[in-house]
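Dear colleague,

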Amino acid sequence: YEKEGLITRKYEFIKIIVNGKSRGIYVIDERYDNIMLERNHRKEGPVVKLDQTPIFVDKVNLSPGERDDYYYSMDYTAFDVNKFMQDEQLRKMFLKAKELMESFRLGMLTTSEVFDLEKLAKWMAIGDVLGAWHGFGFTNMRFYYNPVTSKFEPVPDDNYNERAFNYASAERVFRFNDNYNKGKFLKQLFSDYRFTEIYLMELEKFSQESYLNQRFGEFHEEIRKNSYILAKDYPLYNFLLESKGYTY
């Protein structure tokens with residue numbers, strides 16, 4: 001994602017020891033805050049998401065169809081929302097971002113009018129190639145409101161396949177035809193012809209063997225380093241021998 005100009009968060013595997021006792025391998029990842037934005041060369045702005053509280057309060061089944069019923073009733077909020085509400089300029093920025101997303105949800109604005117199309121397309125296409133379908137459920141998405149462009153950019157976070165290390169089933173790897181996640185939100189995104197066109201172009205690019213060869217070459221040593229760390233808890237898992245092949 002970083003190589004393609006998207007916002008990224010620091011994400012590291014570390015061994016945790018508490019009072020001399022090993023707790024195994026944990027993940028430490030970066031907050032959605034201004035430090036993250038500065039590191040990504042972005043101006044301060046809200047990172048918005050849907051408030052999932054109603055789903056958990058009502059104990060909604062995990063099936064996408066039932067969650068989709070809540071799409072129009074769930075409120076948009078932001079990380080560190082209290083900070084934004086306490087500062088006049090930041091509050092105006094957050095309310096503008098919220099209004100923009102609400103207008104899209106109500107069908108008053110198109111994908112092109114609300115989102116940075118190229119970054120949105122890159123995010124989805126890379127996720128498809130990696131089989132990372134889970135983050136494309138509408139409640140798992142996070143978007144940064146860029147005050148310079150007045151458009152939303154994706155903040156990739158939840159990039160995994162829930163039930164397998166190595167592969168994703170066919171109906172979940174092509175976002176345009178995602179039978180699992182493609183509810184009201186994704187359908188709205190793809191109802192914009194221009195976005196769909198860019199997405200398919202990016203998917204064609206990222207699925208080329210030459211592109212994958214380049215990226216795996218660049219990340220080879222980093223992959224090996226993380227594999228050694230993960231081997232302490234998962235000695236039989238080998239990304240380079242298993243998951244890499246499924247990506248191709």
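The notes below go through aromatic rings, then charges over rings, and then one asparagine.

This is a predicted model, in which local features need pLDDT of at least 70 and side-chain atom pairs count only at pLDDT 80 or more, while totals for chains, interfaces and linings use all residues. Residues are numbered from 1 along each chain as its sequence is written, and side-chain values use heavy atoms, with hydrogens and water left out.

The structure holds 22 aromatic pairs, where rings of Phe, Tyr and Trp (its six-membered ring) pair if their centres lie within 6.5 Å, and planes under 30 degrees apart count as stacked, over 60 as edge-to-face and the rest as tilted. In one of them, the ring centres of Phe-115 and Phe-185 are 6.4 Å apart and the planes stand at 80°, so this pair is edge-to-face. Both Phe-115 and Phe-185 are buried (under 20% relative accessible area, with a 1.4 Å probe and protein chains only). Ring pairs also link these two into a cluster whose members include Tyr-71, Trp-123 and Phe-152.

The charged end of Arg-105 sits over the ring of Tyr-71, 5.7 Å from its centre, and that of Arg-9 over the ring of Tyr-32, at 4.1 Å; this requires NZ of Lys or CZ of Arg within 6 Å of the ring centre and within 35 degrees of the ring normal.

Finally, Asn-140 is buried, with a relative accessible area of 18%, and it touches Gln-52, His-134, Gly-135 and Asp-158, not counting residues up to four places away in sequence, where contact means heavy atoms within 4.5 Å.

Conventions: Buried means under 20% relative accessible area, exposed over 50%, partly exposed in between (1.4 Å probe, protein chains only).
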